[in-house]
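Please look at the sequence and the model before reading on.

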Amino acid sequence: TSRELSIPYPAGTRIVLFGMKNEPHPLPRGSRGTVKHVCDDPMVHVTFDNGRYLGLIPDVDQFAKLKDE
């Protein structure tokens, strides 16, 4: 559920992207962004530093929380 996902990824959490499986125009590996919100799909909605806004799907897309930002 979105509540379960929002706990590890609250709004404002910084993430790094390692890969996207189903995005026709994926962002490069290492792209960084900020979580805006989590929805029930489940999907983590992120605004990336390059200005793109995408929904990441846990267990499909590879991303992780940044610890130093």
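Which residue in β4 does V44 stand opposite? V44 stands opposite L56 in β4, where strands pair if DSSP finds at least two bridges between them, and where helices (H or I, at least four residues) and strands (E, at least two) are DSSP runs numbered from the N terminus.

This is a predicted model, in which local features need pLDDT of at least 70 and side-chain atom pairs count only at pLDDT 80 or more, while totals for chains, interfaces and linings use all residues. Residues are numbered from 1 along each chain as its sequence is written, and side-chain values use heavy atoms, with hydrogens and water left out.

**Sheet**

The protein has one helix and five strands, and from the N terminus its elements run α-β-β-β-β-β. The five strands make an open sheet with antiparallel pairing, in the order β4-β3-β2-β1-β5. Its edge strands are β4 (53-56) and β5 (62-65), each of which pairs on one side only. From one strand to the next the twist averages 40 degrees, with axes being lines fitted to C-alpha atoms (for helices over the stretch in contact) and angles running from 0 to 180 degrees between N-to-C directions. Strands of a sheet pair through backbone hydrogen bonds, either parallel or antiparallel.

The two pairings described here are set out below.

| Strand pair | Sense | Bridges | Residues opposite each other |
|---|---|---|---|
| β1 (residues 14-19) and β5 | antiparallel | four bridges | V16 and A64 |
| β3 and β4 | antiparallel | four bridges | V44 and L56 |

Strands β3 and β4 form a hairpin with four residues between them, and in its turn G51 has a positive phi of about 100 degrees.

H45 lies in strand β3 (residues 43-48) and is buried, with a relative accessible area of 14%; buried means under 20% relative accessible area, exposed over 50%, and partly exposed in between (1.4 Å probe, protein chains only). Not counting residues up to four places away in sequence, H45 touches T34, V35, K36, H37, C39, Y53, L54 and G55, a contact being heavy atoms within 4.5 Å. M43 is also placed in strand β3 and counts as buried because its relative accessibility is 19%. The C-alpha atoms of M43 and L56 are 5.5 Å apart in space, although the two residues are 13 apart in sequence.

Leaving aside neighbours within four places in sequence, F48 is in contact with I15, L17, L27, S31, R32, G33, L54 and L56. In soluble globular proteins, nonpolar side chains tend to be buried together.

Of the 69 residues of the protein, 41% count as buried. Among contacts with a separation of 6 or more, 45% are between residues 24 or more positions apart. The accessible surface, from the Shrake-Rupley method with a 1.4 Å probe, comes to about 4300 Å², of which 52% belongs to carbon and sulfur atoms.
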